[in-house]
Amino acid sequence: MEFIDYRLRWDGQINRSSLTDFFGISVPQASLDITEYTKLAENNLEYDTRARVYRATKEFKPVFQSSAVERYLEDLLRVAVQPAVPYGSFLGWQSPVAGVPRLGRRLNADIVGEILRAIRETGYVEVTYQSMTDPEGSERNLSPHALVHDGNRWHARAYCHKRKGFRDFSLTRIKRCKYMGADRERASEDNAWNTMVDVVLTAHPDLSPAKRRLIESDYLMEDGEMHIECRQALLLYLMFQLNLTDDQAGQKPEIVQVALKNRDEIQALLKS
């Protein structure tokens, strides 16, 4: 049903061969599936007898969230960035699309597997971890409870037994990882992880009124504000993506585009 909905929304049409080719089902079964979809959304499709296809009507309204524009564009981007990887998507006809190349970072599947085992079994791992302050690396025990993606890199959110606190550890900088056994549940003790922060954005105040209205429209701001809920532990990553860290200060408002309305609150949380 989702496949039919997706193809009608983004290809504008579907026929029985679309279903038989994708799912490996028989023609009669494909006919039954289209009939079942018609029961869900009778006004979404009509049969073109000349072309022998079902076409989306002008009244088409998606039935499933998987037909959302965000999902469709993500599917296109995955194919554009790594066309050789057989991602499971419902894509049919594809618009030409290009993506900015991303710097590849080496991920060791065995290390990721050990981290996931520790999360799954509430255990801990012994690792050799390298950092900018310790490029040679040193041993430490970590009790991970979640994975984090900052928009560029993957991290493990973990309790560090050496530093006696919760930190993010880049998975590419873990050079050795061994599951050591059971620990105790620690996620509930990670206050920065469990604290949700309301980040309030506005268009940059130094932009002209017309440019401010443009930015407000881009981000669907209401009453000149946009609210983003973010874990306190991830605030620095969010500020970096928005060009709002102290190191990024001083850039032209046309580059930054947005500003923090509750800047004092966010800065205090970052310092803590």
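**Talking through the fold**

Colleague: What radius of gyration does the protein chain have, next to a compact globule of 272 residues?

Modeller: This is a predicted model, where local features need pLDDT of at least 70 and side-chain atom pairs count only at pLDDT 80 or more, while totals for chains, interfaces and linings use all residues. Residues are numbered from 1 along each chain as its sequence is written, and side-chain values use heavy atoms, with hydrogens and water left out. The radius is taken over C-alpha atoms, and the globule rule is 2.2 Å times the number of residues to the power 0.38. A compact globule of 272 residues would come out near 19 Å, but the protein chain has 24 Å.

Colleague: OK, and what box do the C-alpha atoms fill?

Modeller: Take it along the principal axes. The C-alpha atoms of the protein chain then fill roughly 70 × 55 × 35 Å.

Colleague: How many helices and strands are there?

Modeller: Both are DSSP runs, numbered from the N terminus: helices are H or I with at least four residues, strands E with at least two. On that basis the protein chain has 10 helices and 11 strands.

Colleague: Now S31: where is it found, and is it buried or partly exposed?

Modeller: S31 is found in helix α3, residues 27-40. Buried means under 20% relative accessible area, exposed over 50%, and partly exposed in between (1.4 Å probe, protein chains only). S31 has a relative accessible area of 24%, so it counts as partly exposed.

Colleague: What separates the C-alpha atoms of S31 and S17?

Modeller: S31 and S17 are 14 residues apart along the chain.
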